[in-house]
Protein chains: 2
Amino acid sequence: MRIALLQINTTVGDLEGNASLIAEGVLESARQGAGLVITPELSLMGYLPRDLLMNEGFIKEADATLGRLARELVDSPAVLVGTATENPGTTGRPLRNSAVLLAGGDRVAAFHKTLLPTYDVFDEDRYFEPAPGPHVLEWQGRRIGISICEDVWNDRDFWQRPRYPVDPIQNLAAAGAEVIVNLSASPLVAGKQKLREKMLSHMAHKHGRPILYTNLVGGNDDLIFDGRSCAVDAGGKLVARAKGFAEDLLIVDLDPVLAGRIELEQSQPEAEIWQALVLGVRDYARKTGFRSVLLGLSGGIDSALTAAIAAEAMGPENVLGVMMPSPYSSQGSVADSVTLAANLGIRSITIPIEKMMGSFEQALAPAFAGRKADVTEENIQARIRGNLLMALSNKFGSLLLTTGNKSELSVGYCTLYGDMSGGLAVIADLPKMMVYSVSRWRNQRKPDIPAAILTKAPSAELRPDQTDQDSLPPYDILDRILELHIEQNKPSEYIIEQGFERATVERVLRLVKIAEFKRKQAAPGLKVTSRAFGTGWRMPIARKM
Amino acid sequence: MRIALLQINTTVGDLEGNASLIAEGVLESARQGAGLVITPELSLMGYLPRDLLMNEGFIKEADATLGRLARELVDSPAVLVGTATENPGTTGRPLRNSAVLLAGGDRVAAFHKTLLPTYDVFDEDRYFEPAPGPHVLEWQGRRIGISICEDVWNDRDFWQRPRYPVDPIQNLAAAGAEVIVNLSASPLVAGKQKLREKMLSHMAHKHGRPILYTNLVGGNDDLIFDGRSCAVDAGGKLVARAKGFAEDLLIVDLDPVLAGRIELEQSQPEAEIWQALVLGVRDYARKTGFRSVLLGLSGGIDSALTAAIAAEAMGPENVLGVMMPSPYSSQGSVADSVTLAANLGIRSITIPIEKMMGSFEQALAPAFAGRKADVTEENIQARIRGNLLMALSNKFGSLLLTTGNKSELSVGYCTLYGDMSGGLAVIADLPKMMVYSVSRWRNQRKPDIPAAILTKAPSAELRPDQTDQDSLPPYDILDRILELHIEQNKPSEYIIEQGFERATVERVLRLVKIAEFKRKQAAPGLKVTSRAFGTGWRMPIARKM
């Protein structure tokens with residue numbers, strides 16, 4: 001038997017478009033001799049549909065689309081399509097997260113997800129009722145255990161503390177499944193693929209059954225799905241792996257031994273992050289209908305890396321860089337940006353902001369009489385720039401990218417409605433040190449980012465001779481404290497025990513807390529770490545502690 | 001036996017402060033002869049602590065604070081304190097949502113929440129493991145059934161479709177509880193109190209046991225808890241009700257018959273909404289450390305109502321209204337605002353924006369050469385105003401309130417980084433028609449809002465002779481369509497069947513969809529309806545449908 005893992009890039013809510021992707025994939029699988037096709041989780045609806053799932057119209061239309069798809073594929077191999085189905089019970093959530101088997105022109109069977117994640121970015125208990133128990137598919141003389149995403153993430157030997165009392169894979173094995181398949185929509189966390197394959201290998205070996213895993217690929221708002229669908233044999237050996245960050249069709253033979261093709265992995269985290277962000281920008285623009293993007297170029301490393309990613313994602317001809325120097329901008333800031341733009345092949349324009357600064361100063365002079373200059377005047381500059389960029393975005397129908405990094409966003413070293421303006425925050429989940437290392441990695445391939453940008457001291461250039469390090473601890477220290485606090489949820493005492501100065505730790509944690517109101521209004525940021533600001537970071541604003 | 005329902009206004013994360021509120025309440029309850037005190041859900045931590053619950057340091061400190069509170073109250077009546085406790089199990093979520101009984105200087109027993117809501121604004125499955133089963137407290141010869149918030153919201157006769165298979169109240173009754181108490185943190189939905197009391201009455205009557213219900217009061221970010229703790233007797237009759245929108249201590253005697261005091265209710269929805277928004281503004285400012293607020297006064301009804309609410313919440317001397325006329329502003333817009341400010345007793349200043357508009361026009365002229373004026377130029381004006389207001393906010397440490405209503409926010413009739421700028425969106429959950437009716441209600445008490453503001457055609461005044469109705473359907477129609485779509489999740493076909501024009505419905509629903517990116521970056525808005533934009537509205541941006 002030959003099984004096709006159909007790794008597609010779906011769009012949330014685009015039932016027709018997603019059905020077409022599935023149909024094309026099934027036809028191609030047929031040409032390659034597959035008898036069963038496995039799609040990603042919720043492949044018909046796109047992942048995550050979120051509260052679209054609460055709209056009856058959407059559920060009905062999905063059901064109608066599924067029926068049409070079944071009829072269209074009447075003469076094709078069977079396919080497991082991910083979709084939400086109605087829960088027939090009289091209590092509980094109204095839906096189930098399901099894999100529906102289409103064969104011979106009809107819906108033949110439905111299998112439901114057992115484990116519904118509610119951590120990080122997930123809210124599945126909001127919508128779905130769990131499956132009542134294991135349900136094995138008998139197909140072409142094989143007993144196939146169907147699982148969905150989280151169902152494979154709860155092995156009680158692999159994890160120190162399983163999140164759920166039930167292990168659906170163990171239950172499927174006990175119910176006689178010879179092979180386990182998994183429909184997945186597992187978002188990227190840099191380095192996660194190793195863990196995934198190790199876990200699947202452990203489980204396959206433990207249960208003595210092969211596992212075939214189809215993952216989603218593509219960017220959907222803040223989440224980037226990395227693909228890399230794979231198969232491990234009953235001994236736990238990886239025998240097939242699809243491409244990362246691209247659509248793919250991975251054919252796996254079950255007999256005489258499990259076999260497939262293995263795509264090589266780029267092992268460097270910088271390479272993985274680069275590909276993820278390129279895909280994230282490209283898909284966000286495509287799925288929201290933008291053909292071009294723009295961004296402010298400050299002469300710093302953040303906007304340089306963002307521009308390089310944008311150029312690769314959109315094509316350099318569809319990227320506009322905007323220099324907006326003030327009297328506080330260094331000589332190099334415009335010159336370095338011009339060089340960067342030329343190297344990348346993107347368009348650029350310069351709009352000095354001094355006159356607008358003057359008009360604000362004049363307008364506010366009566367109200368500000370007798371008050372000293374402070375951060376207010378810095379923010380006014382940043383917001384003039386935000387206004388200019390949004391004006392260009394509005395006039396030309398171009399998506400504004402924000403350029404702030406995770407370190408800044410953590411401690412609030414950014415201006416709400418100023419440099420935070422934009423529709424997508426490209427590097428908002430990259431700590432500053434990672435911004436440097438991804439930039440250096442990018443420059444090894446082609447040295448587009450001028451050396452001056454890579455080596456100058458980071459500065460917001462909002463007052464004379466300002467540098468970030470006037471206000472913040474050195475970034476190598478800051479980033480390590482933030483990682484412990486944000487990704488690992490560690491309290492201050494623990495962080496101090498790791499060798500950081502108490503005063504620094506307490507100051508950083510305080511800054512993180514008081515910047516909450518800014519993050520609440522931030523643009524969606526592409527997630528690449530285990531915990532990004534966004535749907536996986538849910539903090540009250542009005543709080544002590 | 002005498003039980004005290006301690007309705008307090010907690011602050012999220014303020015363990016010491018909340019413990020003090022509890023201690024003071026217990027001492028007062030003792031003076032009034034109570035033998036047991038019931039606090040709201042998670043009263044020690046404040047509700048909702050959200051991802052603070054993932055920080056080990058917070059959990060440990062809460063536990064230590066609880067120990068100190070127990071010792072402090074060694075000679076006081078017993079008190080049920082709401083807090084998160086560690087789940088001793090080896091699988092599952094690490095915490096439980098608990099009511100811990102403090103008595104004689106120690107933690108005597110702990111009771112856990114069974115039903116963990118994951119709809120609307122709730123994410124409790126993210127943090128908590130459900131209680132294993134019913135657990136009845138024996139205290140002073142009584143068998144008291146302890147339940148927490150959602151536990152009372154799943155009666156299988158009262159609801160058409162219970163959300164959970166378990167009914168914890170039925171289980172407590174079956175386990176021998178003579179009286180049911182509930183620790184609650186139930187946020188306001190206008191009109192919900194009637195439903196609450198009806199439901200509690202139904203359950204008390206059905207099980208033949210009194211129910212005593214302690215609710216939280218106060219604003220916490222977007223959520224407003226309305227208090228109105230109450231008690232119903234075994235026959236289902238309401239015998240006690242605490243104040244709405246204020247702290248209170250409600251004493252309930254169990255013998256010889258259940259008895260207490262009943263605070264009168266303001267039955268008009270406008271009165272309820274007014275009180276809620278005043279409390280929401282006051283608490284947001286207080287809990288984030290602001291003593292004063294400011295807002296833009298456009299001459300329209302939205303900013304007028306927001307100013308009136310702010311004046312009542314903060315005291316008029318702590319409110320600044322800012323008029324920022326442009327060449328497109330009507331004669332009346334500044335004059336009406338001046339009158340409004342004088343009537344309310346708030347300060348006001350005027351900053352014309354024409355010169356700043358000119359400086360932007362000039363700066364963008366090269367880039368915009370050959371292009372016609374469009375919405376871009378309107379947005380520039382709104383963003384100049386946003387920049388001015390934020391500058392005043394930054395300079396004077398004053399909280400900027402945004403003034404947009406729910407109808408605008410639904411269809412995107414607002415400018416991101418412009419009129420959407422601010423820390424708290426006061427009337428963001430009020431449809432425009434409700435803005436009018438609350439304003440008229442307010443004016444009946446004291447006619448501070450000039451008649452001209454109440455009667456003029458709504459206009460953004462961003463181009464000559466503009467009115468809202470040039471771009472939008474009449475508000476009475478728009479609001480009804482939006483209510484069906486947003487609060488009731490109805491698809492377009494259903495809405496059309498209610499008698500609205502297809503073209504209008506489809507246009508409105510399309511506008512709602514494409515405005516998603518704006519709402520994602522909106523300030524927190526005070527919730528008063530069953531579904532507000534905010535944590536209860538989780539929509540993908542990049543989507544079809």
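Chain A has 545 residues, and a compact globule of that length would have a radius of gyration near 24 Å; the value for chain A is 25 Å, so the two agree. Keep in mind as you read that this is a predicted model. Here is a quick tour, from the whole chain down to one helix.

**Overall dimensions and packing**
- The C-alpha trace of chain A spans about 85 × 50 × 50 Å along its principal axes.
- Buried residues make up 56% of the 545 residues of chain A.
- Among contacts in chain A with a separation of 6 or more, 70% are between residues 24 or more positions apart.

**Domains and secondary structure**
- Chain A is split into three parts: domain 1 covers 2–261, domain 2 covers 271–471 + 515–520, and domain 3 covers 473–514.
- Between the C-alpha centres of domain 1 of chain A and domain 3 of chain A there are 39 Å.
- Chain A contains 17 helices and 19 strands.

**A closer look at helix H6**
- An α-helix has 3.6 residues a turn, so residues three or four places apart point the same way.
- H6(A) is mostly covered, with 13 of its 14 residues buried.

Definitions and conventions
Residues numbered from 1 in each chain as written. Chains lettered and ligands numbered in written order. Predicted model: local features only at pLDDT ≥ 70, side-chain atom pairs only at ≥ 80, totals over all residues. Domains from an automatic or database assignment. Helix = DSSP H or I, 4+ residues; strand = E, 2+ residues; numbered from the N terminus. Rg over C-alpha atoms; globule rule 2.2 N^0.38 Å. Buried ≥ 20, exposed ≤ 12 C-beta atoms within 10 Å, placed from the backbone. Contact = placed C-beta atoms within 7 Å.
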